[in-house]
Amino acid sequence: MPVLFFSPDLGMLFYLASPRIGALVYNMLHLYGPGLLLAVLGMAVLGNLGLVVLGLLWVGHVGFDRMLGYGLKGVSGFADTHLGRIGRG
């Protein structure tokens, strides 16, 4: 489960393509909505507990990142977030 919990952070690899693509993919993976939608679909529509768990892990990851001060990324660079600049500098 820890691997799944941190899997949304793989979106940072898209920064290797460009800051714009990296920010887009990373931010899409760090929104609450898709995780909630996945959990609701798994629970109410498909009756699939695995999807519910994946959705809740996704939501938990996003919340954990926000708690640590990591926000949605800007196209100017990985350290610029909607919560402010992260890291040293």
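Strands β1 (residues 73-74) and β2 (residues 77-81) run antiparallel and are joined by two bridges. This is a predicted model, in which local features need pLDDT of at least 70 and side-chain atom pairs count only at pLDDT 80 or more, while totals for chains, interfaces and linings use all residues. Residues are numbered from 1 along each chain as its sequence is written, and side-chain values use heavy atoms, with hydrogens and water left out. Helices (H or I, at least four residues) and strands (E, at least two) are DSSP runs, numbered from the N terminus.

**Strands**

- Two strands pair if DSSP finds at least two bridges between them.
- β1 and β2 form a hairpin with two residues between them, and K73 stands opposite T81 in β2.
- β2 is also joined by two bridges to strand β3 (residues 84-85), and these two run antiparallel.
- Two residues lie between β2 and β3, which form a hairpin.
- T81 stands opposite G84 in β3.

**Helix α3**

- G35, A39 and G42 of α3 are buried (under 20% relative accessible area; exposed is over 50% and partly exposed in between, with a 1.4 Å probe and protein chains only).
- Seen down the axis of α3, the buried residues fall within an arc of 65 degrees (taken from the directions from the helix axis to the C-beta atoms), so they line one face of the helix.
- The face turned away from the buried side of α3 carries the exposed residues L37, A44 and V45.
- α4 (49-67) is included in what covers the buried residues of α3.
- G47, which follows α3, has a positive phi, near 60 degrees.

**Aromatic rings**

- The structure holds two aromatic pairs (Phe, Tyr and Trp rings, the six-membered one for Trp, with centres within 6.5 Å; planes under 30 degrees apart are stacked, over 60 edge-to-face and the rest tilted).
- F5 and F6 form an edge-to-face pair, 5.0 Å centre to centre with 90 degrees between the planes.
- F5 and F64 form an edge-to-face pair, 5.8 Å centre to centre with 65 degrees between the planes. This pair links distant parts of the chain, with F5 in helix α1 (residues 2-6) and F64 in helix α4, 59 residues apart.
- F5 is buried at a relative accessible area of 18%, F6 is partly exposed at 43% relative accessibility, and F64 is partly exposed at 32% relative accessibility.
- Ring pairs link F5, F6 and F64 into a cluster.

Key
Contact = heavy atoms within 4.5 Å.
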